[in-house]
Amino acid sequence: RISKTTAGRSSAGLEPKSLALGSEGCFGIITSAVLKISPIPEVKSYQSVLLPSFGVGVEYMRALSKMTMKPASVRLLDNDQFRLGQALKERPSLFGTLREWLAHAISSAGGNFSLNTVVCVTISFEGSAAEVNLQQRLVRDFATVYEGMLAGPSVGKAGYDLTFAIAYLRDFALNYDIIGESFETFVPWSCIKRLVAATKDRVQFEHRHRALPGEPFICSRITQLYDEGVCVYFYFCMQIKGVSNPSVVFSEIEHIAREEILSNGGSLSHHHGLGKVRSSFVSQIYSQAYIDTLTAIKNSIDERNVFGAANGIFGSKMYSSSISEHTNVSGKGPKNAREGSRC
């Protein structure tokens, strides 16, 4: 066990839990956990707001993030993802209703809305009746300020249902020679618009540069709000029929997209972790001195590399270099940096 203290707020020196969790299995495994539970909310409801553009949508999200009592969840779907969700509906007649909404908005708001730029914010409310009523009122008030219009609870709920369907859509698309994957990042408020635009442009450029068939599909959505910024998800799909080594080509473009994210102020990961796919980026976010420190900790608690998952930092070239140097100096170290990967 790494700690004998009770669960909860504590200020007792370095936090061993963060080291264990951040090691992604390379310092040990989780054998028990304390769960925080909450009462089932009295009220649970949905709402959605249409806004003229992604830029306006970001400003609207920023306003909601400053609420003292925020809704349970607020997500911003860009134009491509919103239209995809509408197209996948079993009854496409709702898209006709969307056209009617936009026609009304264009006539009443001076043409700010367009099918090619409109975005959708989906909102989930949970809490007491009084709390939910207050949140819903503020959502409506902010929508008016940012020239938005309510699209109704059904559109809001459908946006969350799409989250559960995306993984299955990826598998379904493979039947039609389309490969796709998602990647996420944390982005400060000041960098969101630039980062999203630059990442999309870079994917489009790399696709054209390789003369790949068809057009790539790249969309984004903001999924979580913080005082400092947001979590942004990207979804990237491409046609692979007739493409040699399609998985390699896809991985190359995805890798370049992550480089673009880092160069525009995004983090390497918001919550997916580093694993093996992102381990090659370690040198861009950590110093060799930091890697050497973690190597020394690894050697002290797992000298034989029993937990040799080789994830994140412990799968990087910097770690391999640190192992060699540490072994030369101390005469000991993990027998094999990849030893555990054979298990």
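pLDDT is the predictor's confidence in each residue, on a scale from 0 to 100. You will want that scale at hand, as this is a predicted model, in which local features need pLDDT of at least 70, side-chain atom pairs count only at pLDDT 80 or more, and totals for chains, interfaces and linings use all residues. Residues are numbered from 1 along each chain as its sequence is written, and side-chain values use heavy atoms, with hydrogens and water left out.

Let's start with confidence. The protein has a mean pLDDT of 86, with 85% of its residues at 70 or more. Helices (DSSP runs of H or I, at least four residues) and strands (runs of E, at least two) are numbered from the N terminus. Confidence is highest in helix α7 (residues 192-209), at a mean of 98, and lowest in helix α4 (residues 93-108), at 58. Over residues 334-343 pLDDT stays under 50. Where pLDDT is low, the predicted coordinates should not be read in detail.

Now step into helix α7, where you will find T199. T199 is buried, with 0% relative accessibility; buried means under 20% relative accessible area, exposed over 50%, and partly exposed in between, using a 1.4 Å probe and protein chains only. Contact means heavy atoms within 4.5 Å. Setting aside residues up to four places away in sequence, T199 touches F183, F234, A257, E260 and I261.

F183 also turns up among the contacts of E254, together with E181 and S182, once neighbours within four places in sequence are left aside. E254 sits in helix α8 (residues 246-263) and is buried at 9% relative accessible area. Although E254 and E181 are 73 residues apart along the chain, their C-alpha atoms are separated by 8.8 Å.

Next, the cysteines. A disulfide is counted here when a pair of cysteine sulfur atoms lies within 2.5 Å, and by this rule there are zero disulfides. For C219, the nearest cysteine sulfur is that of C237, 7.2 Å away. C219 is buried, with a relative accessible area of 2%, and C231 is buried too, at 0%.
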